[in-house]
Amino acid sequence: MASKTLSKETAASRAKSGHEAAAFTPERFEKELQDLADKARSDTFSHRLLDQLNIYIRIILLLGFLGLYSHVSQLNLSPVYGSIPSSIWHAKLVMGGCFLGWAGNTFLRDSFPVALVKVLPMVAACIPGLQHYLATFSQTFGAQWGPVITEGLTLLPLAVFTSASVADYWEGARLGMLPGFVADAGPGIGSWALFKFFEKQLGLYLPQIIGKLLVFTRLGFEIILAFAYMVFSPSKYLVYVAFPFIHTFFLNTHLQSQAATQRLMSSMVTDNWLFIERRESVTGYVSVVQSIQQGFRAMRCDHSLLGGEWIGHRGGPVSEPIYGVFAMLEAVRLAESATPVDNKDSKALVIGLGVGTTPSALVSHGINTTVVEMDPVVYEFATKYFDLKENNPPVLQDAVSYTAELAKTAPSTYDYIVHDVFTGGAEPVDLFTLEFFQGLHALLKPEGTVAINYAGDLSLPPPKIIYRTIKQVFPTCRIFREMPPDTETINSKGMDFTNMVIFCRKSDELPLTFRRPTAKDFLQSPAREEFLGLPNEIPESAMLVGEDEGILRKNETDKLAKWHETSALGHWSLMRAAIPAMVWERW
């Protein structure tokens with residue numbers, strides 16, 4: 001029995017040896033050698049270089065996409081919340097998302113059944129619809145939490161998956177020749193530095209092209225980026241982006257197309273509002289709307305009103321403004337001087353156009369008036385929809401550079417200067433610096449008068465800083481607010497947000513006084529009858545009390561920036577009281 005068993009084992013062993021011998025043929029040996037040779041040839045320096053180059057290019061593209069989306073996300077929130085409230089938590093959310101994605105890269109990779117980079121197109125495609133939906137809750141969320149909630153559900157996931165995908169790509173990079181600490185920390189630090197570089201550079205170029213073409217709009221950029229992610233990471237899962245794209249192209253009224261605009265117009269009419277025209281431009285999202293019920297037309301830029309007029313009062317010499325402050329600015333020509341100048345012989349410079357209320361009135365009085373406005377769309381809409389009157393072509397340039405150059409070439413040119421710039425709840429600081437006011441001082445004639453419109457919260461330091469800065473240049477000033485203080489709001493909310501006009505003279509030899517306005521000054525306007533007399537003066541002592549925080553110079557603008565958040569949040573609430581939430585939300 002044992003011999004029989006042994007014979008069986010021997011036969012099996014021999015059969016196995018015979019099989020191996022048969023398998024190890026010269027042909028197979030030659031094939032294996034060929035495979036090894038092919039592998040050796042493929043593992044050349046150039047192949048390795050191309051492989052590494054592909055990794056770095058994909059890392060750079062992902063960080064560039066996120067750098068652009070960082071700006072586009074804020075642009076899409078600005079019409080609903082304003083640029084400053086939208087920025088309060090923005091940088092922290094992006095940083096937090098990048099950290100979570102980088103630190104949680106392994107966990108995310110194990111949790112998802114697909115490569116993390118395949119998730120990015122789906123996230124990007126869903127963002128426009130989510131933003132559109134969440135905007136309808138802006139009144140509930142408020143300006144402080146609305147941007148946080150919106151970007152927490154849109155930009156934050158995009159940052160997480162971008163950072164995690166970048167970390168995945170870095171694992172394929174050959175960093176063995178680098179010192180250990182550089183190989184460990186370098187990818188993370190380098191990726192963050194590269195992202196911030198792209199974010200900064202794209203932020204410089206984006207305002208130059210926004211609104212130039214249909215695709216170069218807020219929503220247009222989001223669509224471009226969604227397609228870019230799809231091309232970057234194609235997969236069978238892209239079928240799931242079909243519904244988000246259908247919503248964006250057929251249901252999202254923020255799309256700058258004729259069909260979307262018509263849908264928006266129809267929906268607005270049902271709520272007794274006319275939507276007249278909209279455009280995206282260098283200063284923000286600009287649109288013209290009209291209240292059917294209340295009878296006024298207004299122009300907005302992002303979440304702020306540039307001005308408006310009462311439609312029922314059309315037909316007179318000038319339009320009837322919805323805000324009295326614009327009529328107050330016209331009192332600049334009522335300032336008394338030792339040698340009065342006739343209207344036909346005087347010249348005025350208006351910095352900031354809005355809907356054109358003040359320059360139109362100056363032109364109606366026969367004053368040679370020049371307007372400086374940096375946004376061509378604001379000028380176009382003021383001309384088309386607000387009956388702008390002109391006797392000089394507009395200067396469509398940045399006021400800072402224009403007035404600085406003009407002060408050198410044409411000093412003492414103007415009898416009147418009106419400084420009326422869009423604030424949006426916070427000062428455009430370059431237009432309120434000591435250096436800018438010094439330029440205006442140079443442009444003003446010796447007996448000329450400047451009127452400066454300022455909108456802000458008088459309970460905060462910025463108005464006092466601005467006034468002290470003005471007083472460094474113009475020694476004789478008086479301040480008037482549009483409406484009397486609202487004691488109830490001041491006591492309950494600690495806020496005193498108002499429009500005010502600061503009138504100043506170059507000389508302190510004579511006090512600043514105003515002649516009594518006449519019927520001719522009123523231009524058949526009830527608002528001018530009420531406000532040209534400047535009924536609500538603020539004592540200068542009220543602007544000089546409290547801690548002296550100095551003046552504003554062009555290299556010290558952070559002095560005001562720290563107060564912008566508080567002021568902008570208060571301004572947002574006032575804008576929601578002036579025009580209903582649904583108008584702001586629908587753009």
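**Charge pairs and a nonpolar patch**

Guide: Glu277, Arg279, Glu380 and Lys384 are linked in a network of salt bridges. Keep in mind that this is a predicted model.

Visitor: How many salt bridges does the count come to?

Guide: The count comes to 22 salt bridges.

Visitor: Which residue does aspartate 521 pair with?

Guide: Aspartate 521 forms a salt bridge with arginine 333, with the closest N and O atoms 2.8 Å apart. Aspartate 521 sits in helix α21 and arginine 333 in the loop between α14 and β5, so the pair ties together parts that are 188 residues apart in sequence.

Visitor: Are those two buried or exposed?

Guide: Aspartate 521 and arginine 333 are both buried.

Visitor: And what about glutamate 309 and arginine 314?

Guide: Their side chains meet in a salt bridge at 2.6 Å, N to O. Glutamate 309 is buried, because its relative accessible area is 1% and the cut-off is under 20%. Arginine 314, at 39%, is partly exposed.

Visitor: Switching topic: which residues form the nonpolar patch on the surface?

Guide: Trp89, Leu130, Trp145, Ile149 and Leu153, with about 450 Å² of accessible area together. Helix α8, residues 138-153, gives the most to the patch, with three residues.

Visitor: Where does UniProt place the "transmembrane region" feature?

Guide: The unreviewed UniProt entry puts it at residues 55-72, 87-108 and 209-231. In the model, residues 55-72 are 100% helix, with the end C-alpha atoms 26 Å apart. Residues 209-231 are 65% helix and 0% strand, with the end C-alpha atoms 23 Å apart.

Technical notes
Residues numbered from 1 in each chain as written. Predicted model: local features only at pLDDT ≥ 70, side-chain atom pairs only at ≥ 80, totals over all residues. Heavy atoms only, no water. Patch = residues over 30% accessible without salt bridge, like charges linked within 9 Å, V, L, I, M, F, W, Y side chains within 5 Å. Areas by Shrake-Rupley, 256 points an atom, 1.4 Å probe, with all protein chains shown as cover. Salt bridge = Lys/Arg side-chain N within 4 Å of Asp/Glu carboxyl O. Helix = DSSP H or I, 4+ residues; strand = E, 2+ residues; numbered from the N terminus. UniProt positions renumbered as here; feature names shortened; annotations may be inferred. Buried < 20%, exposed > 50% of the residue type's maximum accessible area, 1.4 Å probe, protein only.
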